[in-house]
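Have the structure open while you read.

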Amino acid sequence: MPRPPKPPLMQPSVTVLLFGQLREAAGWERRELALNDAGDPPATPAALWRQLHLEGLGSPWRVAVNHHFVPPHAVLRPGDEVAFLPPISGG
Amino acid sequence: MPCCGPATRSRSCPPSAVAERQADLRIRLWNGTFDPLANLAAWQEELPGESSPAAAEAHFIGRVRNTTAAGEPLEALELEHYPGMTELQIKRLAAACARRHGLAAVRVDHRVGRIAPGEAIVLVAVRADRRGPAQRALMELLEAIKGEAPFWKREWSAGRGRWVGNTPLAGG
């Protein structure tokens, strides 16, 4: 019996989300970004911010990974959802 | 700094004698209008009554102003949120506040999307055993939501939108 074809190897990646004025200034709201295979240096939200050329927008006020606030130098893992958040104004 | 953040404890927030009680937390985001008084009445009906020692409630209803922060006529307030995280974060804030004050129940209703002047934007209600914890918890949870739950406001006036920052407590 012939073997079924192998599924294509999934590149380790993270999803990046922008909100509010950050999204409008950047002109996009969601991107899938491949992670460095070697993991050296480790991927962090701060590194992604530079990699995505977002420094011109200043600094994000907060960062969330998988719906939890994290510091900008938290180490990311494949499949993480990274959200860059402008200043919050709720209520 | 809000008192109800996940890792903070203020001297103004003494733990209640019933702090270990599991609070009833009900969080809901609304894409359309909601009637805060009807929701409040429904919440009171649904909660256990006579069997509960909680005898004090504090409530807050916030509505959209009819002017912008700059004093111009407001057409609408747009409220963006982070689906999934916003609900979760309000629940975390409510749970932390409930633990700190020994609340029996918390209800938070919050609008998202485009909201007309005069419409309700937020309802926060808490139930506790005494008026002190109820009033303190209400104020602190409101401030926590304003500063720690991912919402972003944009005022629309004369066809133009402007993102706004958070309002200080004194300015409402």
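Start in chain A: A:His53 sits in the loop that links α2 (45-51) to β3 (62-65) of chain A. Keep in mind that this is a predicted model. The phi angle of A:His53 is near 55°, a positive value in a residue other than glycine. Is A:His53 buried or exposed? A:His53 has 9 C-beta neighbours inside 10 Å, so it counts as exposed, since the cut-off for that label is 12 or fewer.

Now hop over to chain B, where B:Ala158 lies in the loop between β7 (151-157) and β8 (160-164). B:Ala158 isn't glycine either, yet its phi is positive, near 50°. With 9 other C-beta atoms within 10 Å, B:Ala158 is exposed.

| Residue | Phi | C-beta count within 10 Å |
|---|---|---|
| A:His53 | near 55° | 9 neighbours |
| B:Ala158 | near 50° | 9 other atoms |

Next, the helices. In chain B, the axes of α2 (residues 85-101) and α3 (residues 131-148) come within 10 Å and cross at roughly 155°. Angles over 145 degrees count as roughly antiparallel, so α2(B) and α3(B) get that description. Their crossing is right-handed.

Which residues make the contact? From α2(B), they are B:Gln89, B:Ile90, B:Leu93, B:Ala94, B:Cys97 and B:His101. On the α3(B) side you'll find B:Pro133, B:Arg136, B:Ala137, B:Glu140, B:Leu141, B:Ala144, B:Ile145 and B:Glu148. Sorted by class, this contact of α2(B) with α3(B) has nine nonpolar, two polar and three charged residues.

Methods. Residues are numbered from 1 along each chain as its sequence is written. Chains are lettered from A and ligands numbered from 1 in the order in which they are written. This is a predicted model: local features need pLDDT of at least 70, side-chain atom pairs count only at pLDDT 80 or more; totals for chains, interfaces and linings use all residues. Axes are lines fitted to C-alpha atoms, for helices over the stretch in contact, and angles run from 0 to 180 degrees between N-to-C directions. Helices (H or I, at least four residues) and strands (E, at least two) are DSSP runs, numbered from the N terminus. Angles under 35 degrees count as roughly parallel, over 145 as roughly antiparallel, 65 to 115 as roughly perpendicular and the rest as oblique. A crossing is left-handed if the near helix is turned anticlockwise from the far one by less than a right angle, and right-handed if clockwise. Two residues are in contact if their C-beta atoms, placed from the backbone, lie within 7 Å. Ala, Val, Leu, Ile, Met, Phe, Trp, Tyr, Cys and Pro count as nonpolar, Asp, Glu, Lys and Arg as charged, and the others, Gly among them, as polar. A residue is buried if 20 or more other C-beta atoms lie within 10 Å of its own, exposed if 12 or fewer, and partly exposed in between; C-beta atoms are placed from the backbone.
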